[in-house]
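These are my notebook entries on a single chain. I set down below what I looked up, entry by entry.

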Amino acid sequence: MKPEPVLRLEGVIKEYGEEVVTRVLHGIDLTLEQGEFAALIGPSGSGKSTLLNIIGLLDRPTSGRVLLQGQDTRGLDEDSLARLRARTLGFIFQFHHLMPAFTALENVMMPALAERGWPDERMRTRALELLAQVGLKERAGAHPGQLSGGQQQRVAIARALVMSPALVLADEPTGNLDTGTSAQVFELLRHINREQRMTFLIVTHDPRMAQRCDRIIEVVDGRIVSDRREPPHSG
Ligand SMILES: Nc1ncnc2c1ncn2[C@@H]1O[C@H](COP(=O)(O)OP(=O)(O)OP(=O)(O)O)[C@@H](O)[C@H]1O
């Protein structure tokens with residue numbers, strides 16, 4: 001039997017306003033299978049962030065359904081949504097939002113702490129493994145202020161992965177980095193995707209980055225206007 005897709009959106013509509021209603025998403029249908037590495041592109045104001053917030057269970061559609069690993073999220077209360085979010089989703093933002101008073105290791109453990117309370121040894125081991133994977137094993141005890149921008153973003157990536165999410169949502173993950181660092185961070189995401197078959201959806205304005213994804217979903221005026229799979233890249 002085919003596994004449930006990681007994500008399925010059915011007829012997602014989003015409207016803002018009460019007296020004057022603005023429709024921002026016009027019935028989005030979208031499926032992401034496990035292991036996909038997809039870019040979400042489109043002009044400013046086209047609805048990418050709105051869509052990402054709905055997929056990330058941070059906002060609810062006006063109508064339509066969002067299913068994560070086959071689970072219908074419609075009708076779940078805020079607590080259930082928060083639990084599902086913590087278990088299933090990882091978030092990477094343009095600005096890393098690391099906590100300056102905590103070390104890199106503590107920052108990576110933070111989502112696990114929020115979920116399970118006091119840190120246990122397994123959590124610590126997992127966080128250290130992830131820091132090693134993003135090339136920061138030696139910097140586990142450093143505070144964010146002692147790390148470069150690229151290193152800080154790599155800590156944020158490790159933090160996004162600590163709960164082994166089925167789907168990682170990245171909003172302009174390299175938007176705040178210089179070109180060289182940006183390419184390295186992107187390659188790291190690619191590597192994690194290939195190695196762990198973790199699914200990624202990446203909002204980007206950078207056409208070169210989109211070209212290096214396996215699938216490019218383009219949104220214009222709240223509609224998916226194209227959804228194409230790229231031939232596999234060699235490297
Ligand atoms: N809370 C809100 N209330 C009213 N309108 C909103 C709200 N949030 C977003 N919008 C409108 O919805 C549309 C889509 O916005 P959204 O932020 O999703 O676009 P985007 O594609 O992510 O843009 P950008 O690339 O500039 O981040 C815009 O016209 C925006 O003004």
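This is a predicted model: local features need pLDDT of at least 70, side-chain atom pairs count only at pLDDT 80 or more; totals for chains, interfaces and linings use all residues.

**Entry 1**

Residues are numbered from 1 along each chain as its sequence is written.

I found β3 and β8 running parallel, joined by 4 bridges. Two strands are taken to pair if DSSP finds at least two bridges between them. β3 also runs parallel to β9 (residues 215–220), again with 4 bridges. There, Ala 38 is opposite Arg 215 of β9.

I then asked how many residues of β3 are buried. The count is 5 of 5, where buried stands for 20 or more other C-beta atoms within 10 Å of the residue's own, exposed for 12 or fewer, and partly exposed for anything in between, with C-beta atoms placed from the backbone. Phe 37, Ala 39 and Ile 41 point one way from β3, Ala 38 and Leu 40 point the other way, and all are buried.

**Entry 1. The open sheet**

I recorded an open sheet of 4 strands in the order β2-β1-β4-β5, with antiparallel pairing. Its edge strands are β2 and β5 (71–72), each pairing on one side only. As a reminder to myself, strands of a sheet pair through backbone hydrogen bonds, either parallel or antiparallel. β1 (residues 7–16) and β4 (residues 63–68) are antiparallel over 5 bridges, and Arg 8 is opposite Leu 67 in β4.

**Entry 2. Helix α6**

I checked the length of α6 (residues 179–196): at 1.5 Å a residue its 18 residues should span 26 Å, and the end C-alpha atoms are 26 Å apart, which agrees. The expected span is 1.5 Å times one less than the number of residues.

Which residues of α6 are buried? They are Ser 182, Val 185, Phe 186, Leu 189, Ile 192 and Asn 193. These residues cover an arc of only 115° around the axis, which puts them on the same side of α6; the arc is that of the directions from the helix axis to the C-beta atoms. Gly 180, Glu 187, His 191, Arg 194 and Glu 195 are exposed on the other side of α6.

The cover over the buried residues of α6 includes β3 (37–41), α5 (149–161), β7 (167–171), β8 (199–203) and α7 (207–211). Contact here requires C-beta atoms, placed from the backbone, within 7 Å of each other. After α6 comes Arg 197, with a positive phi near 55°.

I repeated the length check on α5: its 13 residues should span 18 Å at 1.5 Å a residue, and its end C-alpha atoms are 19 Å apart, which agrees. α5 is mostly covered, with 11 of 13 residues buried.

Ala 156 counts as buried because it has 26 C-beta neighbours inside 10 Å. Leaving out residues up to four places away in sequence, Ala 156 touches Ile 92, His 96 and Leu 98.

**Entry 3. Positive phi in loops**

I noted Leu 57, not a glycine, with a positive phi near 60°. Leu 57 lies in the loop between α1 and β4 and counts as buried, with 21 C-beta neighbours inside 10 Å. Glu 172 also has a positive phi, near 50°, and lies in the loop between β7 and α6. Glu 172 is partly exposed, with 19 other C-beta atoms within 10 Å.

How values were computed
Helices (H or I, at least four residues) and strands (E, at least two) are DSSP runs, numbered from the N terminus. Two residues are in contact if their C-beta atoms, placed from the backbone, lie within 7 Å.
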